[in-house]
Amino acid sequence: MALAFTSSISTSSSFKFPPSDRNNTPQIGSITVSERPNGAAVNIRQSFAKPVNAQPPRKDSLLPLAAAATAMVASETKEQDLQRIATDLDNASPLEIMDRALASFGHDIAIAFSGAEDVALIEYAKLTGRPFRVFSLDTGRLNPETYQLFDAVEKHYGIRIEYMFPDAVEVQALVRNKGLFSFYEDGHQECCRVRKVRPLRRALKGLRAWITGQRKDQSPGTRSEIPVVQVDPVFEGMDGGIGSLVKWNPVANVKGNDIWNFLRTMDVPVNSLHSQGYVSIGCEPCTRPVLPGQHEREGRWWWEDAKAKECGLHKGNLKQQDEGNGNGVSQSHANGAATVPDIFNSQNVVSLSRTGIENLAKLEDRKEPWLVVLYAPWCPYCQAMEESYVELAQRLEGSGMKVGKFRADGEQKEFARRELELGSFPTVMFFPKHSSRPIKYPSEKRDVDSLMAFVNALR
C-alpha cells in the first residue's frame, strides 16, 4: 500500500495512490478489519527529463544536477496534483478524508497524536475499519494527565502508540548549559527543536505520509490556510528529498466545538485537563488554561508575542521572512493593507489616529478618562476580544468615560512600544482624568466583567 512510483526512460511517467489491499496489509493493534470495496486509485502525472539517448553526451559531473532537476520537477508536479485532490476533498467529511488517506498509504502512514482533542483522529481511523498506526512525541515534560490519556487511549482502541523520545545527549547538553526553564528567557524554539522537532523528523523518515489534527480555527495567524492534504513543506519521508512526504489534515475545516460534539457523542477518552480550562495542550511548563475572551492558543507560550504560536512541528504554516517584515508578520499585516478587515467597529468606540493618541497621552488634565485598546486587526487574540470590548463600550455609553482604539501594528508598532508600553497584542490602556500617566491593564482576563472592574477601580 506504499506510494508506488513507476518510471521508464521516456518523456513522462506517473504514479497513483494504489487501491487498498486489505489482505496484504498488516493489522495494527487489535483493530478488526471489515470487508469493504477497494479504494479508488488517483492518477497523478509527473513530467521527467527527455530520454538520455535523446540528448548530446554529457559529463558525469552534470548527472547529479540533472537528477536534482528531475526530482524538483517531479516534486512540483506532485504538489500541483495534491492541490487538486485537496480541492476535490475540501467539502468532504473528516471520515472520508481519513479513509482516503489510509487507503492510499497503508502501513506507510501514521496518525500524530498529541494527547489532546486530536484523539478524534484515532476515532475516525477506527470508524474506517482500516488498519492504522499512531505515534506520539514524549518530550519528557508532559502533564501527568496527558500520560494517563495515552494509557486510556491504548486500552480503549486496543493499540500500541509508537512513542518517540528526544536524544538524551542533546537534552542533557541543553539543560546543563541553560537550565530547565531557559525557554522563559530566550524563547521556546530551541527547547522545542530538541524535544519535539528532531524526534518528529526521525519518526517521519520512516513514513511516506502522516496525519495531523490541525484545524484552520486553531490559530488564525498561522493555520487559516491549511489544506486537507499537501506535500509537507518542511519534513522528508522515507524516500528522502523534496516532496517525499505527504501531510493529511482531515479536520482542517472542522470547528473546535464540532470536534467536541463528536468526541462526546462517540464517548471516547479525553484529556482531563480540558475540564480544567485547558484547550490547546502541550508540555507542562508551556501550557496553561485560557481565560474568558482569550483564543485557545493563548494558553501556549504566553510570555511570547502572539504573532507565531507554533513549536516547529508545523513550521510550514509560518510565512517566510522575505514575505513579511522579519518577525513572522506578513507585509500586508505590517503595512496595514486593506486585505484585513478592521475590528472593534462600533459607534461607541473612537478610532484614534497617531496624532490623536499622541495628544491624548500628552494631556495632563483630561476632560474625561479614556480606555484605549492597542491592537492589530489580524491578531487572533484581538479578534477574540472584540465582542467583549464592544459590549464594554456599550455599557459605558453616557457614563463620562471614553472608549477608543488605536491600531498599533506596522509603522506604528515601534512608537507604541516606546511611548505606550505595548508588549503584545492586545494591550489595554487607561488614561485617567487628572493624570498624564496612563495605566496598563495588567490582567489577561478580557471578559466584560473583568474589564469593567478595572475601569471602576480607577475612574
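**Notebook: a walk through a predicted model**

The areas come from the Shrake-Rupley method with a 1.4 Å probe, and for residues only the protein chains shown count as cover. I then looked up L95, which sits in helix α2 (residues 94-105). L95 counts as partly exposed because its relative accessibility is 33%; buried means under 20%, exposed over 50%, and partly exposed in between.

A note to myself on the source: this is a predicted model, where local features need pLDDT of at least 70, side-chain atom pairs count only at pLDDT 80 or more, and totals for chains, interfaces and linings use all residues. Residues are numbered from 1 along each chain as its sequence is written, and side-chain values use heavy atoms, leaving out hydrogens and water.

**The whole chain**

I found 13 helices and 14 strands in the protein chain. Both are DSSP runs numbered from the N terminus: helices are H or I with at least four residues, strands E with at least two. Of the 459 residues, 49% are buried. The chain exposes about 22,000 Å², and carbon and sulfur atoms supply 50% of that area.

**Around strand β5**

Next I asked: which residues of β5 are buried on each side? On one side they are V134 and S136, and on the other F135 and L137, so I noted both faces of this strand (residues 134-137) as covered.

I followed its neighbours too. Strand β4 (residues 109-112) pairs with β5 in the parallel sense over two bridges; pairing requires that DSSP finds at least two bridges between the strands. A112 has F135 as its bridge partner in β5. With helix α3 (residues 119-128) between them in the unit, β4 and β5 make a right-handed β-α-β unit. Right-handed means that, with the strands pointing away from the viewer, the path from the first strand over the helix to the second runs clockwise.

Three bridges pair β5 with strand β6 (residues 162-164), again in the parallel sense. The chain goes from β5 through helix α4 (residues 144-157) to β6 in a right-handed β-α-β crossover.

**An open sheet**

I also traced five strands in an open sheet, ordered β10-β12-β11-β13-β14, with mixed pairing. Its edge strands, β10 (350-351) and β14 (439-440), each pair on one side only. Strand β13 (residues 427-431) runs antiparallel to β14, and two bridges join them. M429 has K440 as its bridge partner in β14.

**Salt bridges**

I counted 16 salt bridges in the structure, each a side-chain nitrogen of Lys or Arg within 4 Å of a carboxyl oxygen of Asp or Glu.

In one of them, K155 meets D151 with the closest N and O atoms 3.1 Å apart. The two are separated by about one helical turn because they are four residues apart in helix α4. K155 is exposed at 64%, while D151 is partly exposed at 36%.

E170 and R198 form another, at 3.4 Å between the closest N and O atoms. E170 is in helix α5 (residues 168-178) and R198 in helix α7 (residues 189-204), so this pair ties together parts 28 residues apart in sequence.

My last entry is a network of salt bridges linking D108, R208 and D239.

Technical notes: Buried < 20%, exposed > 50% of the residue type's maximum accessible area, 1.4 Å probe, protein only.
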